[in-house]
Amino acid sequence: MAAHRKPKQRPYTGSAALTAATLAIAGAATAAALPGSAHADPQLTPAQVRAEVDRLYHDAEVATEQYNDSKEKATATADAVDTLRDEAARRTERLNASRDALGSLAAAQYRTGGLDPAVQLALSSDPDQYLERASYVDRIGDRRAAEVDGVERQVARIAQLRSQAKGKLAALASRQAELKKHKATIRAKLADAQRLLATLPPAERAAYESSDSARSADRSTARGPVQAPNARAAEAIAFAYGALGKPYVWGATGPSSFDCSGLTQAAWRSAGVSLPRTTYTQINAGQHVSRSELAPGDLVFFYSGVSHVGLYIGNGQMIHAPRPGAPVRIAPIDQMPFAGATRVA
């Protein structure tokens, strides 16, 4: 029965003992880094939670602008593919018609071209009429050669169109992959932010959610009438005021919800001005102005990566779509790090 006893574990010595100790330490460090482990990071203070939530929302907005850019390019690429396919289809119809005409001409020539021209001349009862017809046949031959050349050019052009469409389809697949990646990033950042907010006591969370709104309301009540520099700016500002209270939804351009660049784009579109889709393209859509030169209707941008935009309304205030959970509102422009401004019209 001794053969079935469990062998005794011998203690590690020398290098074996050092290796075991190293592995144990590494395992403990890994366990401490895992979410939900017994040795997780210390509890964050409410102030630290708010700062981390702010960072996550900002990261989500950066990803949102990247998503908007990829979506705009994907839409343009899909339109280009449709255009190329439509042109290829039209050219294919014309090619088939040319081939049919060329086939009919070739069949007719085959039926009448069996005799040598000298024999046809000898058999003709009217040599003058034959010579006239022979000249006409030559012209028909020249026309056929031109038609053959035209068919060859059409075939080459259709092949080129199909090749271009294939390249555009590959680009579209790449854009769609980018969209998927940015969408996943946005959702992950927002989920992390909500998870952190849930760790706050109810009163702290309510204070975080309402702090910007309360500060904005206080400032908006003291605001005087907006004096827009021109009719278009006045129209854009009026649209933005009409959007107050509507929810922030990433990727949205209205009319019931907006993200930051979607709001400014929609506001100026209502005034007949077409703006590009993203913050980092909108900042180059007009004349750059300094902070001291701001006038109502100007676009104001924030953060070093130009990831947020609002519509300036005067008195140091703007209307903007802040983040998920925070509807379109009036806010001071000194609420975020200023990055620049653009005058659209």
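A search of the whole structure, which is a predicted model, returns one cavity of 30 Å³ or more. The space in this largest cavity amounts to about 50 Å³. Its lining is made up of Tyr-57, Ala-60, Glu-61, Thr-64, Ile-186, Leu-190, Tyr-248, Trp-250, Pro-322, Arg-323 and Pro-324. Two elements, helix H2 (46-112) and helix H4 (127-197), each give two or more residues to the lining of the largest cavity. Helix H2 supplies the largest share of that lining, with four residues. By residue class, the lining of the largest cavity holds eight nonpolar residues, one polar residue and two charged residues.

The strands of the model were examined next. An open sheet is formed by six strands, which follow one another in the order E1-E6-E2-E3-E4-E5 with antiparallel pairing. At the edges of the sheet lie strand E1 (287-289) and strand E5 (329-332), each of which pairs on one side only. From one strand to the next, the twist averages 40 degrees. Within the sheet, strand E3 (residues 308-314) is paired with strand E4 (residues 317-320) in the antiparallel sense, over three bridges. Leu-311 has Ile-319, in E4, as its bridge partner.

Backbone geometry was considered in two loops. In the loop between H6 and H7 lies Pro-255, and the peptide bond that joins Gly-254 and Pro-255 is cis, with omega at about 0 degrees. Tyr-303 is placed in the loop between E2 and E3. The phi angle of Tyr-303 is near 75 degrees, a positive value in a residue other than glycine.

The confidence of the prediction was also summarised. For the chain, the mean pLDDT is 79, and 70% of the residues reach 70 or more. Residues 1-41 have pLDDT below 50, and in the model this stretch makes six contacts beyond near neighbours in sequence. Over residues 214-222 the pLDDT likewise stays under 50. For residues 214-222, the model has nine contacts beyond four places in sequence.

Definitions and conventions:
Residues numbered from 1 in each chain as written. Predicted model: local features only at pLDDT ≥ 70, side-chain atom pairs only at ≥ 80, totals over all residues. Heavy atoms only, no water. Pairing = 2+ DSSP bridges. Axes fitted to C-alpha atoms, helices over the stretch in contact; angles between N-to-C directions. 1 Å grid on protein atoms, 1.4 Å probe; cavity = no way out; pocket = protein on both sides within 12 Å on 5 of 7 lines; lining within 4 Å. Points joined across faces, edges and corners; volume = space filled by probe spheres on them. Nonpolar A, V, L, I, M, F, W, Y, C, P; charged D, E, K, R; others polar. pLDDT = per-residue confidence, 0-100. Contact = heavy atoms within 4.5 Å.
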